[in-house]
Amino acid sequence: MMALLPNPFDTLLQLQQALDTFRTSSWLEPSPSRGGAYPPMNVFNKGETYIIITELPGVNKADLDIQIKHNTIRISGTKSASYGETAGQHRRERLAGRFDRALTLPIEIDPDQVKAEYRDGILTLFLPRAASDMPKSIKVN
Amino acid sequence: MSTAQELPVPEKKELVSKEEKTVPGRYYVPYTDIYETESALIMVMEMPGVEQNDLSILLENDVLRVEGRIDFSKYDGMEPVYAEYNVGPYARSFTLAGKFDQESISAQLADGVLTLTLPKLKEVQPRRIPIN
């Protein structure tokens, strides 16, 4: 439905509406993988690559740990927001703590080809679909 | 102690603004910590995805307005399959109470977190009086 448009995210509103629609997607169903729900993530598909985008503002790259085993991904780390003992607090909204999330993808991925990028507080994981998971064309004799 | 606890998932708060926007789309309120030291007021705002060039910080009549746009062109050609959060620009304003040296406010952006340092004017800084 969206592929019909030349650029589905021509406006910000279109992107926001598309994301709203997929808030009820069952693509990533509850799986036996253990872990918390932080960080929240969005999953996109681009060609044969799946892209997971998560917002992790204020997390130091060194405090971030990403593990992949088969088609299970685990993102864990620590988010800190501390300002020293002497500081007088006026407003405290940022959350800090430990996070550990594991998710099992409904597709097979190629673990050796996975790339991760952390920029401006956003972690992006590029997960290429495994060759064994690709659909095969069958010739009709 | 607090670092040992599991992080909850915060739902992004949509900005309810007095003025209406001419461009359709939702704005979000950045989570902000504000603290004070002897010499400055420091504001720490979470704005993931905002690059330095897409940030505007305006100070007018004691109102500090911070706005961060996001580059959503990187979503070109991507089809969502699953979503847990929405994306959008960030905006928030604060009315400053107190006297600050408005000329020397400094801003620093790192890992999607903006830190604003508002130095207090010399006259309002506490002075230690030596006893002879």
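Two strands pair if DSSP finds at least two bridges between them. Strands (E, at least two residues) and helices (H or I, at least four) are DSSP runs, numbered from the N terminus.

This is a predicted model, where local features need pLDDT of at least 70, side-chain atom pairs count only at pLDDT 80 or more, and totals for chains, interfaces and linings use all residues. Residues are numbered from 1 along each chain as its sequence is written, chains are lettered from A and ligands numbered from 1 in the order in which they are written, and side-chain values use heavy atoms, with hydrogens and water left out.

**View 1. A hairpin in chain B, built from β7(B) and β8(B).** Strand β7 (residues 106–110) of chain B pairs with β8(B) in the antiparallel sense. Five bridges link them. B:Ser106 has B:Thr117 of β8(B) as its bridge partner. Two residues lie between the strands of this hairpin. B:Asp111 takes a positive phi there, near 50°.

**View 2. β8(B) also pairs with β2(B).** Strand β2 spans residues 40–46 of chain B, and strand β8 spans residues 113–119. The two run antiparallel, joined by seven bridges. Look for B:Val44: its bridge partner in β8(B) is B:Thr115.

**View 3. A strand pair that crosses from chain A to chain B.** β5(A) pairs with strand β1 (residues 32–36) of chain B. The sense is antiparallel, over three bridges. A:Arg91 stands opposite B:Ile34 in β1(B).

**View 4. Where chain A meets chain B.** Here 63 residues of chain A are in contact with 53 residues of chain B (contact means heavy atoms within 4.5 Å). The chains bury about 5500 Å² between them. Buried area is the accessible area (1.4 Å probe) that two parts lose on being put together, summed over both. Carbon and sulfur atoms carry 57% of it. A:Arg23, A:Glu55 and A:Asp120 supply 12% of the area that chain A buries against chain B, more than any other three residues.

**View 5. Salt bridges between the chains.** There are nine between chain A and chain B. Each is a side-chain nitrogen of Lys or Arg within 4 Å of a carboxyl oxygen of Asp or Glu. One of them joins the side chains of A:Glu55 and B:Lys12, at 3.0 Å, N to O. On the side of chain A that touches chain B, α1(A) gives the largest share, eight residues. By class, this side has 32 nonpolar, 16 polar and 15 charged residues. Ala, Val, Leu, Ile, Met, Phe, Trp, Tyr, Cys and Pro count as nonpolar, Asp, Glu, Lys and Arg as charged, and the others, Gly among them, as polar.
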